[in-house]
Amino acid sequence: MSETTNKPHADTRHAATPEGTRAGHEHHIVPVRTYLLVFSVLMVLLIATIVAAKVDIGGAVGGLIVAFTIATIKAVFVILYFMHVKYSSRLTWVFAGAAFFWLGILFVMTLADYLSRPHVAPWAY
Amino acid sequence: MTAINYPESAPVVEENYLNVSYDVKSWLLTLDHKRIGVLYMITVTLFFFLGGFAAIMLRLELATPKADLMQTEMYNRMFTMHGVLMVFFFLIPAIPSVLGNFLIPIMVGAKDMAFPRINLLSWYLYMTGGTIVLVSIIFGGLDTGWTFYTPYSSQFAIGNVILALVGIFINGFGSIFTGLNIIVTVHKMRAPGLTWGRLPLFVWANYATSLIMVLGTPVVAITLGLVVVERLWGVGIFDYRLGGDPILFQHLFWFYSHPAVYIMVLPAMGVISELIACFSRRRIFGYEFVAISSLAIAFVGFLVWGHHMFVSGQSIYGAMIFSFLSFFVAIPSAVKVFNWTATLYKGSIVWSTPMMYALGFIGLFTVGGLTGLFCASLGTNIHIHDTYFIIAHFHYIMVGGTIMGYLGGIHFWWPKITGRLYNETAGKVSAVIVFLGFNLTFFPQFILGYVGMPRRYHFYPEEFQLLNVMSSAGATILGFGYLMPLVYLIWSLRHGKIAGPNPWQATGLEWETSSPPPPENFLEKPVVNHEAYNYHEQEPTPN
Amino acid sequence: MTQSTASIPDPHAGPLHDDHAHAGDAAQGGHGHSHPAHVAHHFDDAEQQKDAATLGMWCFLATEVLFFGGLFLGYAIYRQRYPEAFLIGSHHLKLTHGTVNTFILLFSSLTVALSVHAAATGNRKGIVRYLIGTLILGFAFLGVKASEYYGEYQEKLIPKLLFELPDPAHSEHMKELLEHNPRVKAAYDDPVRRKGLEQQLQLFFVFYFCMTGLHASHMIIGIGVMSWLTWRAHKGHFSAEYHTPIEISGLYWHFVDIVWIFLFPMTYLLRH
């Protein structure tokens, strides 16, 4: 049986709840204001990324870094707030993080091949 | 040495998962993880023998130096069929989907897997994928090899490449869902008192395997999808003439397929831990090390895939990094072997059939693992790449390792799954035949590869014939060794002694419920308050 | 735990080894344990079920990250290898459409989050309202994408089937790019390199169509799921105690949004 109390139509910050015995269970209800705030931040970042694309910041590489950074910040906001990871258990953090970490392994080690090829084997590039 | 005394007979619990209902719908629409495990057991066996048939055909052809049994096309299709069926439809699902599905919920004290319907879906995805691949093989086949290297597979191969890839893709999702189910079950459904430190090592191993399944399989899925796109659309993703890079395929393919070999061997290692503990009557030496080594293998296994590509044209810096890391991945496996050996030392060894498979595993896996170091080293790799040395190396791991682990596990848990005891003498004889047949088949292949016989060739210089004949003779013996369990295990279903709840006097929650278990696994939810292999707390069994 | 071979354990007894305590309480007979209707039989309680569903969805999303990731890696490799061709390609995508779509998706993530909030506060009408909003936005996204694809068809940018290297005489984007980017101009002016450009540009569009196509197919699935949830919410299947399907479907939707958050700058915003 659930231990939350039912508060219809209330914009509560926390549903009253005794601590669950299972690690990481959360009854936290994120308030609407937080969502709206996060959305505003995402809008600002969207504008920022468009503007940054039009300006030449360090050529292709610089543009890539800027765009990727902004996209990552947007994604982090979506993950932490919209996907509730900020209020979730450590297990959720680990799985969410592991997915991107593994993607990182795929990218880094494959690029280690491709980025070093022009130097060692230009004919194979 | 102590012997196991079997109970003469023991009454069977009235209602168990087998007899609760007999009609076909209750099997094909079951949500019971035990029945799903049995469904998998029947179907992986089918695919094993189909893949084995292809192997027999290959070895028959290779008994003579000339190409006299099959045309080149047919031979290429045979080894493709052998690889595809064995890798994707036997080795990867065998232990997790058969033994894992059956045992993990019971071992953690739960009533079922976390997601029973997804579990059933996994089996249907497996069957759908398998059927599609079989159709693609029967109606023309494909000759790309199970590795589907581009640009041959994406541009030039004639045959049912697209169909086969679709089948493998679908099967991959079955694999992903099985892994997902195991992960969530182990995290969220353990019985009270069952901390991670008290879990059986079989659970640890399958948990680590499931992590690999979830993280690796999607990459090969998208890769095979891109090959289909290239074939259908005629574009140049992997076509060097259109700006594509064939090696990109290899990177993406092996990112999964190397960890896939750990999907194949890790669960077998989990089985071996259970068998060694039970048949030495001791707790596993260094439990924590063995548990953590499973996670280490899962992680480091993702960092080494480039060792399949040393001669393909990747940069030498990439190759050096991959070679270095490949030496590392041997370490956690070695940790396991040391700990098993330490467990055996001064244990009370019981020479049961499962134990014979387990001991065989340790020896053969060690050989396979050590020869892996030859492969990982850049210099020697150049010499042995694409030769029979590589074939021998991976068969020592996959057959000498995984299949021995699977058979050991099937024999060990057969009484639990079926409620019957098989004939021990038949079991031991088969185990010996398998061991001898295996070594006769594959040891000569190390030598053949070292002296230069390439793989995937159906003709060879005459001086290689003796070793090839030895290998083919071994394959026949091995095949016979595999057929025997089929006979006596099925025979036991009707005529075997009733097993009773714990014929091996093993530890573990699965042995504390009836054989076969009731539909909900336990009549009352268990609570665990001791470590995993508390054999030392048992009274010594009188001889 | 003690065992002896002399006695054969009686399988008819409930617990087979008396040393273990058992978690069952007096209220539990054979089957008789009470649980809310929405808790599946193999779970102990609603909390375990919700935790399991959430972890299961995160595992699934991890597979999706790797699934898209393989495709993104291929794109990244070729982008690194053929910078000029990829610049041309990016300049020929419709930046306005892409920006509008990014806005639509981010907004839809908001409506999804609000629908979860409505569910958590037991607001049935709110759930339906926000889910319908999400559906409208989802369809809008697909509509914009379809019009983009049609535009690419009209501009002859479909690899292999209908493809031409854009001509500065006909394409404003091409003319502008050639004026402002000397590297691209050098590649274009050299006849040998121009042939290469055409092939490499096809690669750009192959990946563009595969990535956006895979993304769109995930959107379609998401729309299907959200439609089903809307119907269920309308029927009153959800409450403040039980709205797990909305939460975990919301996770899926947010993930599809995150894919686009990376896809958009990778493809549309290569300007230099």
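**Close-up views of helix packing and a chain contact**

**View 1. The crossing of α14(B) and α15(B) is left-handed.** A left-handed crossing has the near helix turned anticlockwise from the far one by less than a right angle. The model is predicted, with local features needing pLDDT of at least 70 and side-chain atom pairs counting only at pLDDT 80 or more, while totals for chains, interfaces and linings use all residues. Residues are numbered from 1 along each chain as its sequence is written, and chains are lettered from A and ligands numbered from 1 in the order in which they are written. Helices (DSSP runs of H or I, at least four residues) and strands (E, at least two) are numbered from the N terminus. Helix α14 (residues 388-418) of chain B packs on helix α15 (residues 424-450) of chain B at about 170 degrees, the axes being 7 Å apart. Axes are lines fitted to C-alpha atoms, for helices over the stretch in contact, and angles run from 0 to 180 degrees between N-to-C directions. The two helices are therefore roughly antiparallel (an angle over 145 degrees). Residues in contact (C-beta atoms, placed from the backbone, within 7 Å) include B:Tyr388, B:His395 and B:His411 in α14(B), and B:Phe438, B:Phe442 and B:Tyr450 in α15(B). This contact has twelve nonpolar, six polar and no charged residues. Ala, Val, Leu, Ile, Met, Phe, Trp, Tyr, Cys and Pro count as nonpolar, Asp, Glu, Lys and Arg as charged, and the others, Gly among them, as polar.

**View 2. Helix α8 (residues 201-233) and helix α9 (residues 246-280) of chain B have axes that come within 8 Å.** They cross at roughly 165 degrees, and α8(B) and α9(B) are therefore roughly antiparallel. α8(B) passes α9(B) in a left-handed crossing. Their contact comprises 22 nonpolar, eight polar and one charged residue.

**View 3. Chain C touches chain A through 45 residues of chain C and 46 of chain A.** On the chain C side, α1 (46-81), α3 (95-120) and α8 (244-268) each give two or more residues, and α1(C) gives the most, with 17. That side divides into 26 nonpolar, 13 polar and six charged residues.

**View 4. Buried residues of α1(A) pack against α2 (59-82) of chain A and against α3 and α8 of chain C.** They are A:Tyr35, A:Val38, A:Phe39, A:Leu42, A:Thr49, A:Ala52 and A:Ala53. A buried residue has 20 or more other C-beta atoms within 10 Å of its own, with C-beta atoms placed from the backbone. Chain A holds three helices and zero strands, and 29% of its 125 residues count as buried.

Notes: Angles under 35 degrees count as roughly parallel, over 145 as roughly antiparallel, 65 to 115 as roughly perpendicular and the rest as oblique. Two residues are in contact if their C-beta atoms, placed from the backbone, lie within 7 Å. A residue is buried if 20 or more other C-beta atoms lie within 10 Å of its own, exposed if 12 or fewer, and partly exposed in between; C-beta atoms are placed from the backbone.
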